[in-house]
Amino acid sequence: MTTESSARVAAEGAIREDLARGDHAAAATTTIRAYGAEVRAFLIATHRDVEDADEVFARFCEHVWRGIASFEGGSSVRTWAYAIARNASRNYRRDAHVHRKRHAPLETSSELSALIVAVRSETRPYMRTAAKDKLAAVRAALDDDDRDLLVLRVDRGLEWKELARAMSETPLSDADVVRESQRLRKRFQLLKDRLIELGRREGLIED
């Protein structure tokens, strides 16, 4: 088990222990500290504008802070966090007013505001990895769902069942997870074929 995997196992255990004790603030804090940097990097990769990504990240943190008590344990907390991030991202894109008025962190929680600032400073390693990705130049040609699928599968390494849960707008039954993971596999194969075509067009892949 890698150091990163060990850290995730420890974080997952700590979060579940906090939830079992009813300490939702501690569970939310550990969730954001454990996964916030990679979630923010995911948002930067998919939104391509740091200000937009930070706006969505602040909303993501608020949703985690307020909604951690509803986590039912059907997936890993990491997968749940990515689902929360994607929902926040979708809502942001759909809300035209958000683009005209920036959103401030929760005024009632200085603890959460400080946590958001701290996680932003920890995002650099994930951003460096994304910057080295040779496919970055063609991601802008993809639609939002395909871009999310690419980043979550390739950059973040989510397994297919995790992807099915993370990319669903509603909770899935076990049978639905299997069907959705199969659909995403097929979609990802088509996406890879398209990326090869785009890569050749942009001169990133030689024939």
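**View 1. T79, a buried residue of the predicted model.** At 2% relative accessibility, T79 counts as buried, since the cut-off for buried is under 20%. The model shown is predicted. T79 lies in helix 4. Leaving aside neighbours within four places in sequence, T79 is in contact with E162, R165 and A166.

**View 2. Helix 2 packs with helix 4.** Helix 2 covers residues 24-47 and helix 4 covers residues 77-94. Their axes are 10 Å apart, at an angle of about 40°. The two helices are therefore oblique to each other. Helix 2 passes helix 4 in a right-handed crossing.

**View 3. Residues in the contact of helix 2 with helix 4.** Helix 2 contributes T31, Y35, E38, V39, F42, L43, T46 and H47. From helix 4 come V77, R78, Y82, A85, R86, S89, Y92 and R93. By class, eight residues of this contact are nonpolar. Four are polar and four are charged.

**View 4. Confidence along the chain, with residues 104-108.** The mean pLDDT of the protein chain is 81. A pLDDT of 70 or more is reached by 77% of the residues. Over residues 104-108 the pLDDT is below 50. Beyond near neighbours in sequence, this stretch has eight contacts in the model. Where pLDDT is low, the predicted coordinates should not be read in detail.

Definitions and conventions:
Residues are numbered from 1 along each chain as its sequence is written. This is a predicted model: local features need pLDDT of at least 70, side-chain atom pairs count only at pLDDT 80 or more; totals for chains, interfaces and linings use all residues. Side-chain values use heavy atoms; hydrogens and water are left out. Axes are lines fitted to C-alpha atoms, for helices over the stretch in contact, and angles run from 0 to 180 degrees between N-to-C directions. Helices (H or I, at least four residues) and strands (E, at least two) are DSSP runs, numbered from the N terminus. Angles under 35 degrees count as roughly parallel, over 145 as roughly antiparallel, 65 to 115 as roughly perpendicular and the rest as oblique. A crossing is left-handed if the near helix is turned anticlockwise from the far one by less than a right angle, and right-handed if clockwise. Contact means heavy atoms within 4.5 Å. Ala, Val, Leu, Ile, Met, Phe, Trp, Tyr, Cys and Pro count as nonpolar, Asp, Glu, Lys and Arg as charged, and the others, Gly among them, as polar. pLDDT is the predictor's confidence in each residue, from 0 to 100. Buried means under 20% relative accessible area, exposed over 50%, partly exposed in between (1.4 Å probe, protein chains only).
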